[in-house]
Amino acid sequence: MAADTVLAEEAAAAAGGPAGPDGPAGANAAAGANAAAGANGAAGAGGLRLSRRRAAGPETASGLLFTVLGEFVLPAGGAAWTSAFIDVLGRLGVEEKACRQALMRTAADGWLISERAGRRTRWRLSASGEQLLTEGAARIYGFTAVRHDWDGQWLLILARVPESERPARHRLRTRLRWAGFGSPAPGVWLSAHADRAAEAEQALADAGLLAEAQIFRAAHAGGGPLADLARQCWDLGEIERRYEEFLAEFAAPDCPDPLARLVELVHAWRRFPWVDPALPAELLPERWSGGRAAALFEQQHARWAEQAAAEWQRISVRP
């Protein structure tokens, strides 16, 4: 399978969030399928690239909506008027109709609750939506792209899936890659995060394969360089290319609209925890750009967050 296709599938699975790829949490919640396919949603120096590069269809609207919910609604008390969502998504090229459809679809899925006030509607996070976004936020804002405390332990999975069980094969591959596992050979999966055994068990159970699989904690005893093994398991070159794109998109410190720019920043960054296994530095190529990208995300988020939050508050108080 081509690298772009694999990474797109992994990012699409990331739309599932911390509980797995079946819900919309992801990094702050669901990343729409268009975002998963590699559209960065980032603005260039000449304006908002999102509105130029991607049609503002329902999937785009849903993905951006979850970014807004996680970045602004969750910290501000969990509720906002329809007009606030229409305003901020409109700045990113999403039409009002698509925004309203995204809100209704998200409510139908159980993540939002609508509250009528005359002819106006206020949207409040449900308990499950709040939990989902809180867990997703922890993963995205805690992601640093490089693991600094590795003790040399691997998590090893042996799980052969019959060729006839293609749905189970696809589900297992998607879930394990979403959890940071790579596969150097058929039926063999590795992760440098030995503490993810529970995630591995859940992925195997969901695919109906747990009873036939084996999970080990292991250490490297000899053989070739581990960095070569890492390149067999993960397409580090493609991940590096995406980090370089992120660095180029968000290097400029100034922007005319911090609210829209912050949404774009988070929307672009949130896919990385789902496609990058966060390997230890000793397994990564020299001058790996993931660490620089993580530092840039933290820096620009801090730069724009206060003004963005103030603008969100301004547009949120009026229905």
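Guide: C99 has a relative accessibility of 1% and counts as buried, where buried means under 20% relative accessible area, exposed means over 50%, and partly exposed is in between (1.4 Å probe, protein chains only). C233, at 2%, is buried as well. The model is a predicted one: local features need pLDDT of at least 70 and side-chain atom pairs count only at pLDDT 80 or more, whereas totals for chains, interfaces and linings use all residues. Residues are numbered from 1 along each chain as its sequence is written, and side-chain values use heavy atoms, with hydrogens and water left out.

A disulfide is a covalent bond between the sulfur atoms of two cysteines. Here it is taken as a pair of cysteine sulfur atoms within 2.5 Å, and by this rule the structure has zero disulfides.

The charged pairs come next. Side chains of opposite charge can pair when their charged atoms come close. With a salt bridge defined as a side-chain nitrogen of Lys or Arg within 4 Å of a carboxyl oxygen of Asp or Glu, the structure holds 16 salt bridges.

One of them joins R100 to E96, at 3.0 Å from N to O. Both residues belong to helix α6 (residues 96-108) and are four residues apart, about one turn of the helix; helices (H or I, at least four residues) and strands (E, at least two) are DSSP runs, numbered from the N terminus. R100 is partly exposed at 39% relative accessibility, and E96 is partly exposed at 41%.

Another salt bridge pairs R292 with E244, at 3.2 Å from N to O. R292 is partly exposed, with a relative accessible area of 46%, and so is E244, with 35%.

In helix α14, R314 and E311 are three residues apart, about one helical turn. Their salt bridge has its closest N and O atoms 2.8 Å apart. R314 is partly exposed at 45%. Both residues also belong to a network of salt bridges that links D87, R91, D257, E311 and R314.

As for the fold, the protein has 14 helices and seven strands, and 53% of its 319 residues count as buried. Four strands make an open sheet in the order β5-β6-β4-β7, with antiparallel pairing; two strands pair if DSSP finds at least two bridges between them. The edges are β5 (182-185) and β7 (214-219), each with a single partner strand, so one side of each has no neighbour in the sheet. Strand β4 (residues 153-158) is joined to β7 by six bridges, and L156 stands opposite F216 in β7.

Helix α8 (residues 166-178) lies across β4, β5 and β6 (188-191) and runs at about 15° to β6. Helix α10 (residues 226-233) packs on the sheet as well, touching β4, β5 and β6, and its direction makes about 105° with that of β5. Contact means heavy atoms within 4.5 Å; axes are lines fitted to C-alpha atoms, for helices over the stretch in contact, and angles run from 0 to 180 degrees between N-to-C directions.
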